Amino acid sequence: RLWNPGNGDHFSTTNQDEVISAVSGGYGYNGIGAYVYPASSTSGIPFYRLYSPGKGDHFHTTNWNEVISAVTQAGYRYEGIGARVLG
């Protein structure tokens, strides 16, 4: 889990390259936020990841209706399933 003190954005990823890039871009590393299944797993439920370029904000949810609303009403870009979590 990462945090950007400049805009208050929290960002979660399972990808070490994204962690390195985010830290280089001003994010602070907050440590492991949770243990999750890989996105490709058949266990758990999808943990969707979205990003708003205009706000510089990441949004994570397990609710597909929230994904649709964030994309169609709030300008977020869908980035896929970031991981899978217990439901």
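Author: The model is predicted, and local features need pLDDT of at least 70, side-chain atom pairs count only at pLDDT 80 or more, and totals for chains, interfaces and linings use all residues. Residues are numbered from 1 along each chain as its sequence is written, and side-chain values use heavy atoms, with hydrogens and water left out.

Reader: Why is arginine 49 called buried?

Author: Buried means under 20% relative accessible area, exposed means over 50%, and partly exposed lies in between, with a 1.4 Å probe and protein chains only. Arginine 49 has a relative accessible area of 12%, and is therefore buried.

Reader: Which parts does the pair of glutamate 18 and arginine 49 tie together?

Author: Glutamate 18 lies in helix α1 and arginine 49 in strand β4, so the pair joins parts that are 31 residues apart in sequence. Helices (H or I, at least four residues) and strands (E, at least two) are DSSP runs, numbered from the N terminus. Glutamate 18 has 27% relative accessibility and therefore counts as partly exposed.

Reader: How many salt bridges does a search of the whole structure find, and which residues are linked in a network?

Author: The search finds 3 salt bridges, and Glu18, Arg49, Arg77 and Glu79 are linked in a network. Glutamate 79 forms a salt bridge with arginine 49, with the closest N and O atoms 2.7 Å apart. Glutamate 79 lies in strand β6 and arginine 49 in strand β4, so this pair ties together parts that are 30 residues apart in sequence. Arginine 77 and glutamate 79 also meet through their side chains, at 3.3 Å, N to O. Glutamate 79, at 31% relative accessibility, is partly exposed, and arginine 77, at 42%, is partly exposed.

Reader: Why are β2 and β3 called edge strands?

Author: An open sheet is formed by 3 strands in the order β2-β1-β3, with antiparallel pairing. The strands β2 (9-11) and β3 (28-29) each pair on one side only, and are the edge strands. Strand β1 (residues 2-4) pairs with β2 over 3 bridges, and leucine 2 stands opposite phenylalanine 11 in β2.

Reader: What makes the group of Trp64, Ile68, Val71, Tyr78 and Ile81 a nonpolar patch?

Author: Patches are made of residues with over 30% relative accessible area and no salt bridge; like charges are joined within 9 Å, and nonpolar side chains (Val, Leu, Ile, Met, Phe, Trp, Tyr) within 5 Å. The five named residues form such a patch on the surface, with about 410 Å² of accessible area together (by the Shrake-Rupley method with a 1.4 Å probe; for residues, only the protein chains shown count as cover). The elements giving two or more residues are α2 (64-74) and β6 (77-85), and α2 gives the most, with 3 residues. Tyrosine 78, in strand β6, has a relative accessible area of 37% and is therefore partly exposed.

Reader: How do you know that valine 67 is buried, and which residues is valine 67 in contact with?

Author: Valine 67 is found in helix α2, and its relative accessible area is 2%, so this residue is buried. Contact means heavy atoms within 4.5 Å. Leaving aside neighbours within four places in sequence, valine 67 is in contact with Tyr48, Leu50, Thr61 and Tyr78.

Key:
A salt bridge is a side-chain nitrogen of Lys or Arg within 4 Å of a carboxyl oxygen of Asp or Glu. Two strands pair if DSSP finds at least two bridges between them.
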